[in-house]
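Subject: Structure handover

Hello,

Here is the structure I said I would pass on. Please open it first, then read my notes below.

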Amino acid sequence: MLTGGLALSAKEIRMEYRDRQTRQELVAIEKMDLDIPEGQFVTIVGPSGCGKSTFAKIVNGLLPATHGTIEVRKAANGRDHAMVFQDSSLFPWYSVLSNVAYGLVCQGVSKKEANERAMPLIRLVGLDGFEQKYPYQLSGGMQQRANLARALTVDPELLIMDEPFAALDAQTRELMQAELLRIWSTSKKTVLFITHQIDEAIFLSDRVVVMSARPGRIIADIAIDLPRPRELRVKRTPEFVAYEEKIWNLISIQLTSVGGRTGEAA
Amino acid sequence: MAVISSSSVAGRQHPPIRPRRLSGRIPERLLFGVIGFVGVLVLWEISVRLGLLKSSLISSPTGVIAAAITDFGNGAIQPHIGTSFLEWLVGFAAALVIAIPLGFALGSFRRAEFVVDPLLAALYATPTVALVPLIILLFGVGIQSKFAVVFLEAWVTLTVSTINGVQAADKRWLDIAQSFRASKWLTFRSVTVPSSIPFIITGIRIAAGRALVGVVVAEFIASNVGLGFYISVNGSFLNASRVMLGILLIGGFGIFVGEIIRRIERRFEAWRPAIN
């Protein structure tokens with residue numbers, strides 16, 4: 001059981017897998033302990049391939065960890081956790097409305113009721129008027145708004161966001177960061193956010209957890225002491241830049257330590 | 001098939017491309033298609049008139065039209081058309097009803113697919129013509145054996161393409177269903193079925209053509225009615241105009257069915273931007 005107002009407690013998570021081609025045992029995550037108190041916005045940053053997305057999938061239950069335990073606070077009504085996936089993860093054969101209502105339909109809610117309950121979330125993310133459109137008719141930013149609404153519809157205790165803005169252009173990404181904070185401030189969910197963008201991590205979070213290069217482990221856990229509500233211009237303040245430098249230094253040591261293999265994909 | 005799926009699944013998605021239209025009404029595709037078709041007819045007629053081709057061997061467009069007027073006029077050809085159409089329809093419909101659910105079942109249960117896969121591959125590789133004598137032994141020379149041949153021509157393709165569609169369901173979408181804890185049945189309905197539709201429609205398109213081959217082959221081998229019979233019997237009487245008429249009717253029917261399938265495809269895939 002989780003105590004002390006924790007929304008997530010991950011203990012000694014270790015992830016090994018066998019590379020299909022080389023048949024080598026690889027360690028994706030060496031050891032990770034992470035506690036997230038209720039209502040906190042925590043971001044994991046780390047170099048490509050450090051296992052941060054893998055960790056999100058373990059928390060989401062999509063991958064079984066080799067060792068360790070995950071505890072997520074049990075929700076009173078809604079789901080305990082829900083995931084916002086990377087880009088273009090909406091079902092292309094469903095309208096925006098059906099996509100957003102999907103999580104509820106999965107819980108056995110009738111189609112009609114699910115659609116009714118999805119509408120306020122569609123409005124919250126600013127997609128009203130687009131509910132009958134298909135994903136291909138939306139821009140990348142709008143697709144990720146729908147993606148966020150889909151996760152919020154099930155009213156999760158913990159919202160897991162796996163690089164949701166990675167495929168967006170720089171301006172849209174900034175806009176979406178501000179939008180996410182606006183939406184978060186109305187729902188006050190606990191958020192586990194995964195990104196490789198340092199400024200995105202600082203701007204959004206109460207805490208930034210920095211991971212090492214593979215095999216992944218936590219090398220720093222930094223509280224972000226910037227006042228909320230935050231606006232995009234906070235990114236130009238000296239405090240923000242100091243955080244950026246600190247985290248960048250931590251990550252750049254990781255990059256040089258693996259001998260320039262930084263171009264590798266995750 | 002893989003090409004179709006990857007463009008619908010993973011590709012960056014573009015707004016639908018409208019076919020360009022000439023003169024506001026006729027789509028270019030249709031216009032040029034008709035030009036090509038009429039061009040060949042004109043060339044054919046001219047070649048026969050100039051004596052480059054022998055009309056006794058390949059007839060001529062006017063000869064075919066004359067044959068059509070005679071045989072439609074006295075009602076001689078209608079029973080052949082009706083019988084062939086019935087054979088095609090029953091055999092093809094049976095293939096649809098049996099092969100698609102079978103494909104979903106085999107695609108969903110890997111071990112079952114492992115068991116059946118070599119059998120399907122063998123059946124697919126065997127020309128159905130080779131099976132016709134066996135089918136006639138089993139079903140007789142009547143219309144039942146024609147249904148069977150048409151069904152056999154059509155069903156393997158359909159089953160295989162449905163299996164492919166099921167197995168091509170993108171991991172990303174299965175992950176989403178799992179993440180929201182969709183039941184097996186809901187995952188099937190919300191991910192497996194929609195993502196296999198492009199494969200199934202490709203299968204239907206191919207199967208419809210193969211079914212038509214089945215009609216003609218079965219009628220060639222043993223029958224006393226049907227367009228295949230009409231073609232073969234008129235061939236042996238050296239009546240080139242009627243042979244050509246039969247061929248054109250079958251070809252025209254093939255085009256007609258293809259167009260219907262194209263329309264169904266569009267309706268099914270409002271979500272998929274048109275790829276031209």
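Two residues count as in contact when their C-beta atoms, placed from the backbone, lie within 7 Å. With that in hand, take chain B: among its contacts with a separation of 6 or more, 74% are between residues 24 or more positions apart. Keep in mind that this is a predicted model.

Chain B overall

Chain B is built from 12 helices and 2 strands. Along the sequence the order is α-β-β-α-α-α-α-α-α-α-α-α-α-α. The chain has 276 residues, and 34% of them count as buried.

Where chain B meets chain A

How many residues of chain B are in contact with chain A? There are 17, and they touch 15 residues of chain A. Two elements of chain B give two or more residues each to this side: helix H9 (171–179) and helix H10 (184–221). H9(B) supplies the largest share, 6 residues. By class, the side of chain B that touches chain A holds 9 nonpolar, 4 polar and 4 charged residues.

Backbone points to check

Most residues other than glycine have a negative phi, and most peptide bonds are trans. The following places depart from that pattern.

Start with the peptide bonds in chain A:

- Arg214(A) to Pro215(A) is cis, with omega near -5 degrees. Pro215(A) sits in the loop between strand S8 (207–211) and strand S9 (216–223) of chain A.
- Arg228(A) and Pro229(A) are also joined by a cis peptide bond, with omega about -5 degrees. Pro229(A) belongs to the loop between S9 and helix H7 (238–257) of chain A.

Now the positive phi values:

- Glu12(A) is not a glycine, yet its phi is positive, near 50 degrees. This residue lies in strand S1 (residues 6–18) of chain A. Is Glu12(A) buried or exposed? Glu12(A) counts as exposed, because it has 11 C-beta neighbours inside 10 Å, and 12 or fewer is the cut-off for exposed.
- Leu238(B) is not a glycine either, and its phi is positive at about 55 degrees. Where does Leu238(B) lie? Its place is the loop between helix H11 (227–236) and helix H12 (240–268) of chain B. Leu238(B) is exposed too, because 9 other C-beta atoms lie within 10 Å.

When you go through the model, please look at the two prolines, Pro215(A) and Pro229(A), and then at Glu12(A) and Leu238(B).

Best wishes

Terms used:
Residues numbered from 1 in each chain as written. Chains lettered and ligands numbered in written order. Predicted model: local features only at pLDDT ≥ 70, side-chain atom pairs only at ≥ 80, totals over all residues. Helix = DSSP H or I, 4+ residues; strand = E, 2+ residues; numbered from the N terminus. Nonpolar A, V, L, I, M, F, W, Y, C, P; charged D, E, K, R; others polar. Buried ≥ 20, exposed ≤ 12 C-beta atoms within 10 Å, placed from the backbone.
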